Amino acid sequence: MPFTTLGLSPALVRAAGELGFATPTPIQAQAIPAVLLGADVLGSAQTGSGKTAAFALPLLQLLQEGRQHTPRRVRALVLVPTRELAAQVGEVLRSLAQHLPQPLKVAVLFGGVSINPQMMGLRGGADIVVATPGRLLDLVEHNALKLQSVSLLVLDEADRLLDLGFAEELNRVLALLTAQRQNLFFSATFPPAVQALAESLLREPMRVHVESTPANEPAILQRVIQVDAGRRTELLRHLIKTHGWERVLVFVATKYAAGHVAAKLYDKGVFATPFHGDLSQGARKQVLDEFKAERWEVVVTTDLAARGLDIAQLPVVLNYDLPRSAVDYVHRIGRTGRAGTSGLAVSFVSADTEAHFRLIEKRQHLSLPREQIPSFEPTELELATQATPATEPGTGGIKGKRPSKKDKLRAAAARGR
Ligand code: AMP
C-alpha cells in the first residue's frame with residue numbers, strides 16, 4: 001500500500017519519498033488515517049517502528065489545512081523526554097514539511113543549553129513546538145510563547161517522560177492547554193502510571209498497537225558471551241578487531257564507567273569516546289554527529305542513549321554492563337536493526353550477572369545460548385555451572401574453582417526465580 005492511499009497531500013508524500021519512505025510501516029498505516037479524521041490516538045509500538053512519521057505526517061497535513069495566524073501561534077505541541085529526541089523529531093518534521101506550499105515553522109526547545117537563542121527563535125511565533133517539559137515551562141514563564149492555541153498535542157515516549165520524573169512538569173503543561181484539542185499518545189510500555197495518564201488525557205482513542213511479528217520485528221541477532229568481569233574491555237577490543245566491527249554502541253551502568261571504559265579502549269588503539277548526561281549539550285551533539293559520520297568506532301554510553309536515538313544502520317550494540325530491567329534491554333538492543341536492517345546485540349555476562357540475565361530472558365521469553373570465546377573463557381564459578389556448549393570453535397572446558405557456600409546460595413537463588 002503506497003502513502004498516497006492514506007489521504008496525505010502530494011507535498012508530504014514527496015517529502016516522505018525523499019526520506020526513503022516508499023510504503024508506510026504498520027503503525028503509519030494505522031495511525032495516519034485516524035489522526036487525519038481527528039481522532040485521539042493511543043499508540044504502542046516497537047522501537048524503530050516508524051512512529052515519528054506516524055504522527056508527524058498527519059500533524060503537518062492538519063496544520064496545513066487549518067487556519068493560519070499572524071503572528072504564528074503554536075498549534076501543535078510535541079512533548080518528548082530527552083534533548084536528543086527533541087532534536088531528532090524536529091529534524092523529521094522539518095524534512096517532511098519542506099515541500100508544503102505554506103511553510104510551517106518548527107521550534108525545538110530543550111534544556112542544557114542557553115535559553116536566549118531559543119527565545120530569539122520564538123520571535124514571530126512558531127506553528128509547531130517540539131520540547132522537553134522543563135524548558136518549555138521556563139519559556140512560557142519568560143513569556144516567550146503561549147500555549148492556548150494548541151489544538152494538537154503529542155506525547156512521545158510517555159513512559160520515558162514519567163520514568164524521568166517529568167510527571168509534575170507534564171501536569172503543569174497540560175494545565176496551560178485548552179480542553180478542545182486532539183491528543184496523540186505514544187508509549188513503548190504501559191505500566192499503571194502511563195495507563196492512568198493515557199486515560200485522563202484521551203477521549204475514545206483509536207488504539208494502534210503493532211504486534212511484534214517476524215515480519216515487522218527488526219532482525220536482531222542476540223548473542224550472550226560469558227567472560228570474567230575483569231576481562232570485558234580486553235574481550236571487547238578483541239571482538240572489534242577480529243570481527244571488524246566498525247561502529248559499536250557500548251552500554252555501561254554509570255557515567256564514570258562510560259568515561260573509564262572509553263579511555264581504556266582509546267589507550268589500546270580503539271577510537272572510543274563516552275556519551276552521557278554530564279556532557280554539555282554541544283558535546284553530546286558532537287559525539288552523535290561524529291559517530292554517525294563514522295569518526296568513532298565505539299561510543300560508550302549509559303542508558304541515556306537507550307531510547308529514541310536513531311543512528312542509521314548502527315550495526316552492533318553491546319551490553320558491557322547489563323541493563324537493570326528487561327524493558328531497558330529491549331530499548332538498548334533496539335538501537336540496532338532499525339527500519340528493516342539487521343543488527344547484532346551482544347551481552348557480556350559474568351559470574352555476578354548470570355542470574356540477572358536469566359531474569360531478563362525470562363521476562364522477555366528468551367532462552368539464548370551462552371558462548372565463550374577462546375582465550376577468554378571465564379574462570380569464575382557461577383558460569384561454569386551454567387555453561388552450555390560453546391558456539392565458537394576451539395572453546396575448551398572451563399577452568400573452575402570449587403563452589404563456595406556463597407556461590408551455591410547464589411546459584412540456588414537464581415534457579416528459584
Ligand atoms: P522511528 O520509530 O520513528 O524512530 O523510526 C525508525 C526508523 O525508521 C527511522 O530511521 C526512520 O527514518 C525509518 N522509517 C520511518 N518510516 C519509514 C518508512 N515508511 N519506510 C522506511 N523507513 C522508515
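Q: What share of the contacts in the protein with a separation of 6 or more is accounted for by residues 24 or more positions apart?
A: The share is 73%. This is computed on a predicted model, in which a contact means heavy atoms within 4.5 Å.

Q: Why is Leu152 called buried?
A: The relative accessible area of Leu152 is 2%. The term buried applies under 20%, and Leu152 is therefore classed as buried. Leu152 lies in strand 5, which covers residues 152–155.

Q: What makes Leu59, Leu62 and Arg75 contacts of Leu152?
A: Contact requires heavy atoms within 4.5 Å, and Leu152 touches these residues. Its partners also include Ala76, Leu77, Arg181, Gln182 and Leu184, where residues up to four places away in sequence are not counted.

Q: How far apart are Leu152 and Val74 in sequence and in space?
A: Leu152 and Val74 are separated by 78 residues along the chain and by 9.5 Å from C-alpha to C-alpha.

Q: Why does Phe190 count as partly exposed?
A: Phe190 has 29% relative accessibility. Buried means under 20% and exposed means over 50%, with partly exposed in between; the value for Phe190 therefore places this residue in the partly exposed class. Phe190 is located in the loop between strand 6 (182–187) and helix 9 (192–201).

Q: Which residues does Phe190 touch, not counting residues up to four places away in sequence?
A: Phe190 touches Leu42, Gly43, Ser44, Phe185 and Gln195.

Q: Why is Lys241 called partly exposed?
A: Lys241 has 45% relative accessibility. Lys241 is part of helix 10, residues 232–243.

Q: What makes the surface patch formed by Arg237, Lys241, Lys264 and Lys268 positive?
A: The patch consists of Arg237, Lys241, Lys264 and Lys268. Lys and Arg count as positive, so the patch is called positive.

Q: How do you know that helix 13 is mostly covered?
A: In helix 13 (residues 326–333), 6 of the 8 residues are buried. These are Ala326, Asp328, Tyr329, His331, Arg332 and Ile333. Buried means under 20% relative accessible area, and on that count helix 13 is described as mostly covered.

Q: What percentage of the residues in the protein is buried?
A: Buried residues make up 52% of the 417 residues.

How values were computed
Residues are numbered from 1 along each chain as its sequence is written. This is a predicted model: local features need pLDDT of at least 70, side-chain atom pairs count only at pLDDT 80 or more; totals for chains, interfaces and linings use all residues. Side-chain values use heavy atoms; hydrogens and water are left out. Patches are made of residues with over 30% relative accessible area and no salt bridge: like charges are joined within 9 Å, nonpolar side chains (Val, Leu, Ile, Met, Phe, Trp, Tyr) within 5 Å. Accessible areas come from the Shrake-Rupley method with a 1.4 Å probe; for residues, only the protein chains shown count as cover. A salt bridge is a side-chain nitrogen of Lys or Arg within 4 Å of a carboxyl oxygen of Asp or Glu. The place of a charge is taken as NZ of Lys, CZ of Arg, CG of Asp or CD of Glu. Helices (H or I, at least four residues) and strands (E, at least two) are DSSP runs, numbered from the N terminus. Buried means under 20% relative accessible area, exposed over 50%, partly exposed in between (1.4 Å probe, protein chains only).
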